[in-house]
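Dear colleague,

Please find below the structure that I am handing over to you, together with its sequence. My notes on it follow.

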Amino acid sequence: MEGLKCVQSAPVYTHRSRHLSPLVRTSTLRYVQTPYRNRVWMTMSSMSFNSVSASVHSLEGSKLSHSDNTLPSKEVLDLWRNADAVCFDVDSTVCVDEGIDELAEFCGAGKAVAEWTARAMGGSVPFEEALAARLSLFNPSLSQVQDFLKRPPRISPGINELIMKLKAQKTDVYLISGGFRQMINPVASILGIPPENIFANQLLFGSSGEFLGFDTNEPTSRSGGKATAVQQIRKAHGYKALVMIGDGATDLEARKPGGADLFICYGGVQLREAVAAKADWLVFNFKDLINSLD
């Protein structure tokens, strides 16, 4: 999920209160008092894997010639193959859509949110301001979110196989997103990623299900939040080699001292050329990453 920064293309711990109830969904929705993170989905629904693959190939064919980092160096391959942990962005990476835009569309405010996003792209906007502004355009209720979550996640082709292969090699996998846990938890469940390996934002609702905002204590609710989350993960577990995979500037920011050693840009859904140009490795298909692990 790309933060609202000036780049080309169109993106743990919940606050407790007597009046606020974070919503977490696994197989069913329920209220909890302790936190846990955006959304993507698996499906055979409106967009088939064939149509997704077709769009990936179209992107690859049109943009490949502009990049010289589609073939990884030996150093990059060594880091990738020996990573202790891999952190994935969710929107437009693990899944084929942007969670907040899809929720806004479902609530009847898709056009307004898209127009605001387009205006914000003209300059740099702090992530927390952008997030609050977009949510204020449609103020989703608890019941609307529950209805929205009845739709299956749309997972990117190859991501399930890639994560299975990483886990088979004893590589820890995390999801780090500027989206919402309510929408990401179903995806994590499909991919076999535990709740404690999810870093994301949390929608907050009142006792009557009315929208109250989002938890500003989450690191991913602020600009630079993904980098902070990656640094926390690395410090907590003492990983020697950590990789970040995503499509946006906020994912690229995670590559810094004490954070990710390697940034792999996934351009299979959205290709943000300013981000791709600075990546250690640009891929358009997760099969490239799967095959490189052999």
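**A hairpin and a parallel sheet**

Strand E6 (residues 203-205) and strand E7 (residues 211-214) pair in the antiparallel sense over three bridges. Strands count as paired if DSSP finds at least two bridges between them; strands (E, at least two residues) and helices (H or I, at least four) are DSSP runs numbered from the N terminus. In this pair, phenylalanine 205 is opposite phenylalanine 211 of E7. Five residues lie between the two strands of the hairpin, and glycine 209 adopts a positive phi near 85 degrees there.

Please note that this is a predicted model, in which local features need pLDDT of at least 70 and side-chain atom pairs count only at pLDDT 80 or more, while totals for chains, interfaces and linings use all residues. Residues are numbered from 1 along each chain as its sequence is written, and side-chain values use heavy atoms, with hydrogens and water left out.

The average pLDDT (the predictor's confidence in each residue, from 0 to 100) is 81 for the protein, and 74% of the residues score at least 70. Residues 2-66 have a pLDDT below 50, and this stretch has 214 contacts in the model beyond near neighbours in sequence; contact means heavy atoms within 4.5 Å.

An open sheet of six strands, with parallel pairing, has the order E5-E4-E3-E8-E9-E10. Its edge strands, E5 (198-201) and E10 (281-283), each pair on one side only. From one strand to the next, the twist averages 20 degrees. Strand E4 (residues 172-180) is joined to E5 by three bridges, and phenylalanine 180 has asparagine 201 in E5 as its bridge partner. Helix H10 (residues 225-237) packs on the sheet, where it touches E3 (85-88), E4, E5 and E8 (242-246), and its direction makes about 155 degrees with that of E4. Such angles run from 0 to 180 degrees between N-to-C directions, with axes fitted to C-alpha atoms, for helices over the stretch in contact.

Strand E3 is joined to E4 by four parallel bridges, with cysteine 87 opposite tyrosine 174. Four bridges also join E3 to E8 in parallel, where alanine 85 is opposite leucine 242. Both faces of E3 are covered: Ala85 and Cys87 on one side, and Val86 and Phe88 on the other, are all buried. Buried means under 20% relative accessible area, exposed over 50%, and partly exposed in between (1.4 Å probe, protein chains only).

A nonpolar core is a set of buried Ala, Val, Leu, Ile, Met, Phe, Trp, Tyr and Cys residues joined through side-chain atoms within 4.5 Å. The largest has 34 residues, and Trp80, Phe88, Ile159, Leu162, Ile245, Ile264 and Leu289 touch the most other members. Leaving aside residues up to four places away in sequence, leucine 289 touches Trp80, Leu162, Ile245, Ile264, Trp281 and Val283. A second, separate core of 23 residues includes Ile233, Tyr239, Met244 and Ala279.

Aspartate 97 is placed in the loop between helix H3 (90-94) and helix H4 (99-106). Aspartate 97 counts as buried because its relative accessibility is 5%. Its side chain makes a polar contact with that of arginine 154 (3.1 Å). A polar contact is a pair of N or O atoms within 3.5 Å; within protein, one must be able to donate a hydrogen and the other to accept it, and residues adjacent in sequence count only if both atoms are side-chain atoms.

Yours sincerely
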